[in-house]
Amino acid sequence: MNRIFNFSAGPSMLPVPVLERAASEMLNYNGSGMSVMEMSHRSAVYQQIIDQTEADLRKLMNIPDNYKVLFLQGGASTQFSAVPLNLMTKNGKADYIVSGQFSGKAAKEAERYGEVRILASSKDKNFTYVPYVTEFNKDSDYVHICYNNTIFGTVYPYVPQTGDIPLVADMSSGILSKPVNVADYGLIYAGAQKNMAPAGMTLVIVREDLIGDAMDCCPVMLQYKIQAENGSMYNTPPCYSIYVAGLVYKWLLELGGLEEMQKINEAKAGMLYDFLDNSKLFKATAEKECRSLMNVCFVTGDADLDKKFCAEATAAGLSNLKGHRSVGGMRASIYNAMPVAGVEALIAFMEKFEKENG
């Protein structure tokens, strides 16, 4: 069976070696006589899986010892509530930088629990850039950003220097694409379905001093302290997604780590952006200094032609290139698992389409 090149923004492609390993262990994991899907999360064999998954992630991201790693349910959107419920507890105020749809949603949700100050927004140019912010409110309990904007194809080209104020980052579509200094952030969270695992798991990396002061109204399931004390297993965790995430972490380590992954991602994105910058038909929408390595958004300028492109691309085995409904155009999500050959195939198709329709 031939596999297509899947440019979906999420759930997205998984590395073929990971899928093959998972398939080989589907019926009988490590001699247990059962699938990971079937085993108790309280069993010794599953405890070994989750412990190794955390250890490999800590090595991969060089996570300091004073940070807790949590594998949770609910998607990154649940963290829009969990973050203020756990962190907006000293002054009841937080700063948000709105650089796209998800950071806007996060800010709106946080307004339910305290005072939200929007420091800057790039809505004025339809989120084609990331605002550069250097001043923050000293009484803020935290500053929140969305590191990579899936819908609009932008990424933070800098780390906001917030001083003693904890920096919180939604890294859902940028996690593991290149090295980050975890110590720059008080809390990092990310949905798994873009660069780590099947949908169902959410990763939270949180500094220990930010745990334990949740609001009284914070549900038990959203309390970082409770989850940390129970090793992410206060209740049944997203077992299979955690297992696959562990396979992805091993794949990345065997590849050479995030430094090597960054080189590959920069090469892939560079090829595609170079083509777009020299095309007479297609145009990249994000400003150059803020272009994402993971989500490349582009248009022809003609909605009907965009529609034709997406239909013909799908027929050619290049799937899920339609842009988000709020933006239109096209979006090629080229996460870690997208091979160089996939980007090369996309560029070749775009060249052909431009000759026939330019």
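User: Hi! What should I know before I look?

Analyst: The model is predicted, so local features need pLDDT of at least 70 and side-chain atom pairs count only at pLDDT 80 or more, while totals for chains, interfaces and linings use all residues. Residues are numbered from 1 along each chain as its sequence is written, and side-chain values use heavy atoms, with hydrogens and water left out.

User: How many bridges join strand 3 to strand 4?

Analyst: Six, and the two strands run parallel. Within this sheet, Asp95 stands opposite Arg117 in strand 4.

User: New topic: what about the sheet of three strands?

Analyst: That one is open too, in the order 11-12-14, and its pairing is antiparallel. Strand 11 (283–284) and strand 14 (330–333) are at the edges, each with a single partner strand, so one side of each lacks a neighbour in the sheet. Helix 7 (residues 258–278) packs on this sheet and touches strands 11, 12 and 14. Contact means heavy atoms within 4.5 Å.

User: How do helix 7 and helix 9 cross?

Analyst: Their axes come within 9 Å and cross at roughly 10°. Axes are lines fitted to C-alpha atoms, for helices over the stretch in contact, with angles from 0 to 180 degrees between N-to-C directions. The two helices are therefore roughly parallel to each other, a label for angles under 35 degrees. Their contact includes Phe275 of helix 7 and Ile347 of helix 9.

User: Last one: how many cavities are there?

Analyst: Four of 30 Å³ or more. A cavity is a set of points on a 1 Å grid over the protein atoms alone where a 1.4 Å probe fits but cannot get out, and lining residues have an atom within 4 Å of a point. The largest holds about 50 Å³ of space, and its lining includes Met13, Trp251 and Asn336.

How values were computed: On a 1 Å grid over the protein atoms alone, a cavity is a set of points where a 1.4 Å probe fits but cannot get out, and a pocket is an open set with protein on both sides within 12 Å along at least five of seven lines; lining residues have an atom within 4 Å of a point. Grid points are joined across faces, edges and corners, and a volume is the space filled by probe spheres set on the points. Two strands pair if DSSP finds at least two bridges between them. Helices (H or I, at least four residues) and strands (E, at least two) are DSSP runs, numbered from the N terminus. Angles under 35 degrees count as roughly parallel, over 145 as roughly antiparallel, 65 to 115 as roughly perpendicular and the rest as oblique.
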